[in-house]
Amino acid sequence: MKIAVLVKQVPDSTEITVDKNTGTLVRDGVPSIMNPDDLAGLEAALALKDHDETIEISVVSMGPPQAAGMLQEAIARGADHAYLLTDRRLGGADTCATSRTLAAILNKIGYDLIIAGRQAIDGDTAQVGPQTAERLGLPQVTYVDEIIELTPDYAKVKKSLEEEEQIVKVKLPAVITTLSGMNKPRYMNCNDIVDSFSNPVIIKTYDDIIEDLPQNLVGLAGSPTQVYRTFTKDVTAATEKFDLPAEEAGKQIAAHLKEKQLIKK
């Protein structure tokens, strides 16, 4: 069985700043990590392989060349293969263009089950996994908190929602998206780190999928959405303040939350 795990390299969320002129994240000099939801998905795949050595795990990412380091770590953790799709022609992609590109490379690699993190901490859209499933015409289960059973024909998973849990059985091939709290990722040991470099990351470019996707469907050109503007709201001394007894303060807070439609009346 082939499991493909989609991962993304993201800036450490405590260090993110935004370029006020371009509206894009400033990545220069910022530490990068594997997106936590994706790392949980990788650990879930590795745990399945612990019980079935015939499972083959391929980790797939689209990003800049430096993302190869993150993928090498995935191999050190136990992945069999790692693919980095990197090309300036793919730069500036929104989730729509990204999902097209990932679907194209996944068709080249092959899969029985695709695991993606629920969302990336630098975008919080939760769109890439579901959109990739749509591109591939596959069933999908989102917000997966546990993979209960995996057979050649189906996966049985626990889906966690805000107020309930659901047990879902999905026919393979399929896409699932995972939550960061579903497991505790394993550590790499020194021997595995050293051994991983005998299995280098496989680099792919737009040329590897060009017959499936014309230039106008990838990168910035293939992205129907773009960030118009980002800003941080300044807090000044002019901020309105209230000095009220506890009961009145509670009512005031509740009234503001209702006004913002954050709580129901």
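Modeller: Here it is; keep in mind that this is a predicted model.

Biologist: Where does Thr 177 sit?

Modeller: Thr 177 lies in strand β10, which covers residues 174–178.

Biologist: Is Thr 177 buried or exposed?

Modeller: Thr 177 has a relative accessible area of 3%, and buried means under 20%, so Thr 177 counts as buried.

Biologist: What does the side chain of Thr 177 reach?

Modeller: The backbone nitrogen of Tyr 143, at 3.1 Å.

Biologist: And which residues does Thr 177 touch, leaving out those up to four places away in sequence?

Modeller: Among them are Val 141, Thr 142, Tyr 143 and Val 144. Thr 177 also touches Ala 116, Gly 117 and Arg 118, as well as Gly 129 and Pro 130.

Biologist: Different topic. Where is Pro 185?

Modeller: Pro 185 is in the loop that runs between β10 and α5, the latter being residues 190–196. Its relative accessibility is 28%, so Pro 185 is classed as partly exposed.

Biologist: Which residues does Pro 185 touch beyond four places in sequence?

Modeller: Leu 39, Glu 43 and Arg 77. Pro 36 is 149 residues from Pro 185 along the chain, and the C-alpha atoms of the two are separated by 9.4 Å.

Biologist: Last one, helix α6. What span should its 14 residues have?

Modeller: At 1.5 Å a residue, α6 (residues 246–259) should span 20 Å. The expected span uses one less than the number of residues. The end C-alpha atoms of α6 are 20 Å apart, so the two values agree.

Note on methods: Residues numbered from 1 in each chain as written. Predicted model: local features only at pLDDT ≥ 70, side-chain atom pairs only at ≥ 80, totals over all residues. Heavy atoms only, no water. Helix = DSSP H or I, 4+ residues; strand = E, 2+ residues; numbered from the N terminus. Buried < 20%, exposed > 50% of the residue type's maximum accessible area, 1.4 Å probe, protein only. Polar contact = N/O pair within 3.5 Å; in protein donor to acceptor, adjacent residues only side chain to side chain. Contact = heavy atoms within 4.5 Å.
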